[in-house]
Amino acid sequence: MNPYDLAHQLAQSMKESEEYREYQRLRESAYEDETNRALLDEYKRLQFRMQAKLASGETMPEEDFQRLQQIGTLLQFNPDVSSYLLAEFRFQRMLSEIFKILADVANIDLDSLTRS
């Protein structure tokens, strides 16, 4: 069996999964509103910046961290957005579990990458 063919089958299977369909449906709903779109984009930008800083051993500037928390608080009270973020989390968890299965084949200990 060709691993690339199986990867394409896996991708198709993921697209057909309930997690992915729910994630896409809720994403469309959350991003319909321009205010939601702007807040989500800023939230995700700040999340990415924080993850990059942490990965490089740096700390995030306090004002960025506070802004991330403020936006997160706003977003959690919006039912469309909070449902979308929860669906995104579930889909990302599935991706993470699949990546762990693949990493095990290569004998990559993902837990060791996060230990200090």
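**View 1. Glu-88 sits in helix α5, which covers residues 79-105.** Welcome to this predicted model; we start with a single side chain and its surroundings. Glu-88 has a relative accessibility of 11%, so this residue counts as buried, the limit for that word being under 20%. Setting aside residues up to four places away in sequence, Glu-88 touches Tyr-23 and Lys-44.

**View 2. Helix α5 from end to end.** Here you can follow the 27 residues of α5, which at 1.5 Å a residue should span 39 Å. The C-alpha atoms at its ends are 40 Å apart, in agreement with that expectation. At the start of the helix, look for Asn-78: one of its side-chain oxygens comes to within 3.0 Å of the backbone nitrogen of Asp-80. After α5 comes Asn-107, with a positive phi near 60°. Along the helix, the buried residues are Val-81, Tyr-84, Ala-87, Glu-88, Phe-91, Met-94, Ile-98 and Ala-103.

**View 3. The largest nonpolar core, with 20 residues.** Good places to begin are Tyr-23, Leu-40, Ile-71, Leu-75, Tyr-84 and Phe-91, the residues that touch the most other members. Two or more residues of this core come from each of α2 (18-31), α3 (34-55), α4 (62-76) and α5. The largest share belongs to α5, which provides six residues.

**View 4. Tyr-23 and its contacts.** Which residues does Tyr-23 touch, not counting those up to four places away in sequence? They are Tyr-84, Ala-87, Glu-88 and Phe-91. Glu-88 from the opening view is therefore back in the picture, as a buried residue at 11% relative accessibility. Two of these partners, Tyr-84 and Phe-91, are also listed with Tyr-23 among the core residues that touch the most other members.

**View 5. The largest pocket, with a volume of about 280 Å³.** Around the pocket you will find Tyr-43, Lys-44, Gln-47, Phe-48, Gln-51, Leu-85, Glu-88, Phe-89 and Gln-92 as its lining. Helices α3 and α5 each supply at least two of the lining residues. With five residues, α3 gives the most. Glu-88 and Lys-44, both part of this lining, also touch each other.

**View 6. Asp-64, a residue of helix α4.** Is Asp-64 buried or exposed? Its relative accessible area is 15%, so Asp-64 is buried. Leaving out neighbours within four places in sequence, Asp-64 is in contact with Leu-46 and Arg-49.

Methods. Residues numbered from 1 in each chain as written. Predicted model: local features only at pLDDT ≥ 70, side-chain atom pairs only at ≥ 80, totals over all residues. Heavy atoms only, no water. Helix = DSSP H or I, 4+ residues; strand = E, 2+ residues; numbered from the N terminus. Buried < 20%, exposed > 50% of the residue type's maximum accessible area, 1.4 Å probe, protein only. Contact = heavy atoms within 4.5 Å. Expected span 1.5 Å × (residues − 1). Polar contact = N/O pair within 3.5 Å; in protein donor to acceptor, adjacent residues only side chain to side chain. Core = buried A, V, L, I, M, F, W, Y, C linked by side-chain atoms within 4.5 Å. 1 Å grid on protein atoms, 1.4 Å probe; cavity = no way out; pocket = protein on both sides within 12 Å on 5 of 7 lines; lining within 4 Å. Points joined across faces, edges and corners; volume = space filled by probe spheres on them.
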